[in-house]
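Q: I would like to learn how to read the features of a structure like this one. Please take them one at a time.

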Amino acid sequence: MNNLENNPRLLAAAQAILRLVIGFLFAAHSWQKFSQFTIDGTTASFAQMGVPAASLVAPVVATLELVGGIALILGIATRIFGALLALDMIGALALTHAQNGVFVANGAYELVLALAAGAVALALMGPGRWAIDHLLFGPKRGKRAAVNA
C-alpha cells in the first residue's frame with residue numbers, strides 16, 4: 001500500500017500548486033502596484049503607512065514581488081525568491097499590518113501572513129520536481145547524492 005506522506009508524485013504536485021498560487025498572488029499584487037496604484041502612488045501609500053525610505057522601498061518591493069512571483073511560478077531560484085519574499089512579507093506585517101488585527105478587510109495581516117508562510121515553505125522545501133530549477137539542477141544533485149551514499 002502506498003503511503004500518502006511518502007508519495008513523490010503527491011509531494012511534487014503539492015509543491016507545484018504552492019508555487020503557482022503563491023507566485024501568482026505575489027505577481028498579481030505587484031502588477032497592481034505598477035499599473036493600478038503606480039509606483040508613485042505605492043510610494044505615497046508606503047510613506048503614509050510609515051515605511052522607512054518609502055521612495056526606495058516601494059519600487060524595490062514591487063519589482064521583487066513581480067520578478068519573484070514569476071520565478072516561483074516557473075520554479076526558478078525558488079529557495080532564494082521564497083526567502084526574499086518571506087522577508088518582504090515579514091516586513092509588511094511588522095511595519096504596517098500587525099496593529100490592524102487579523103482580518104484583511106481591516107487592513108490587517110491575514111493575507112500577508114499566508115503569503116509569508118507559503119514563501120517560507122517554498123524556501124525550505126524547494127521547487128519540487130515540476131520546476132525549471134529541477135530540470136537545470138535536480139539530476140546533477142541526484143547523481144551526486146547517489147555517488148556519496
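**Reading the features**

A: Start with the largest pocket, whose volume is about 700 Å³. Keep in mind that this is a predicted model.

Q: How many residues line the largest pocket, and which lie nearest its centre?

A: The lining is made up of 31 residues. Nearest the centre of the largest pocket are Lys 33, Phe 46, Glu 65, Ala 92 and His 97.

Q: What is the lining of the largest pocket by class?

A: The lining has 19 nonpolar residues, nine polar ones and three charged ones.

Q: How should I read a salt bridge, and how many are there by this rule?

A: The general idea is that side chains of opposite charge can pair when their charged atoms come close. The cut-off is a side-chain nitrogen of Lys or Arg within 4 Å of a carboxyl oxygen of Asp or Glu. By this rule there is one salt bridge. Glu 65 pairs with Lys 33, and their closest N and O atoms are 2.8 Å apart. The pair joins distant parts of the chain, with Glu 65 in helix 3 and Lys 33 in helix 1, 32 residues apart. Both Glu 65 and Lys 33 are also among the residues nearest the centre of the largest pocket.

Q: Is Glu 65 buried or exposed? And Lys 33, buried or exposed?

A: A residue is buried when its relative accessible area is under 20%. Glu 65 has a relative accessibility of 3%, so it counts as buried. Lys 33 has a relative accessible area of 14% and is therefore buried.

Q: What does the count of buried residues come to over the protein chain?

A: The protein chain has 149 residues, and 34% of them count as buried.

Q: Which residues form a nonpolar patch on the surface?

A: The patch consists of Ile 80, Leu 84, Leu 87 and Ile 90. Together these residues have about 390 Å² of accessible area. Take Leu 84 as the example: Leu 84 lies in helix 4. Its relative accessible area is 38%, so Leu 84 is partly exposed. Helix 4 is also the helix with the largest share of the pocket lining.

Q: Backbone angles next. Which phi does Thr 38 have?

A: Thr 38 has a positive phi of about 70°, although Thr 38 is not a glycine. Thr 38 is placed in helix 2. With a relative accessible area of 35%, Thr 38 is partly exposed.

Q: Where does Ala 53 lie, and what is its phi?

A: Ala 53 sits in the loop between helix 2 and helix 3. Its phi is also positive, about 50°, and Ala 53 is not a glycine. The relative accessibility of Ala 53 is 49%, so Ala 53 counts as partly exposed.

Q: How should I read a separation along the chain together with one in space? Take Thr 43 and Ala 54.

A: Read the two numbers side by side. Thr 43 and Ala 54 are eleven residues apart along the chain, and their C-alpha atoms are separated by 5.4 Å. Thr 43 is in helix 2, and with a relative accessible area of 17% Thr 43 is buried.

Q: What separates the C-alpha atoms of Ala 71 and Ile 132?

A: Ala 71 and Ile 132 are 61 residues apart along the chain, with 9.4 Å between their C-alpha atoms. Ala 71 lies in helix 3. Its relative accessibility is 7%, so Ala 71 counts as buried.

Q: And how many Å apart are Ala 117 and Gln 36?

A: Ala 117 and Gln 36 are 26 Å apart, C-alpha to C-alpha, and 81 residues apart in sequence. Ala 117 is in helix 5. Ala 117 counts as partly exposed, at 46% relative accessibility.

Q: Finally, how many helices and strands are in the protein chain?

A: The protein chain has six helices and zero strands. From the N terminus on, its elements run α-α-α-α-α-α. Along the principal axes, the C-alpha atoms fill a box of roughly 55 × 30 × 25 Å.

Note on methods
Residues are numbered from 1 along each chain as its sequence is written. This is a predicted model: local features need pLDDT of at least 70, side-chain atom pairs count only at pLDDT 80 or more; totals for chains, interfaces and linings use all residues. Side-chain values use heavy atoms; hydrogens and water are left out. On a 1 Å grid over the protein atoms alone, a cavity is a set of points where a 1.4 Å probe fits but cannot get out, and a pocket is an open set with protein on both sides within 12 Å along at least five of seven lines; lining residues have an atom within 4 Å of a point. Grid points are joined across faces, edges and corners, and a volume is the space filled by probe spheres set on the points. Helices (H or I, at least four residues) and strands (E, at least two) are DSSP runs, numbered from the N terminus. Ala, Val, Leu, Ile, Met, Phe, Trp, Tyr, Cys and Pro count as nonpolar, Asp, Glu, Lys and Arg as charged, and the others, Gly among them, as polar. Buried means under 20% relative accessible area, exposed over 50%, partly exposed in between (1.4 Å probe, protein chains only). Patches are made of residues with over 30% relative accessible area and no salt bridge: like charges are joined within 9 Å, nonpolar side chains (Val, Leu, Ile, Met, Phe, Trp, Tyr) within 5 Å. Accessible areas come from the Shrake-Rupley method with a 1.4 Å probe; for residues, only the protein chains shown count as cover.
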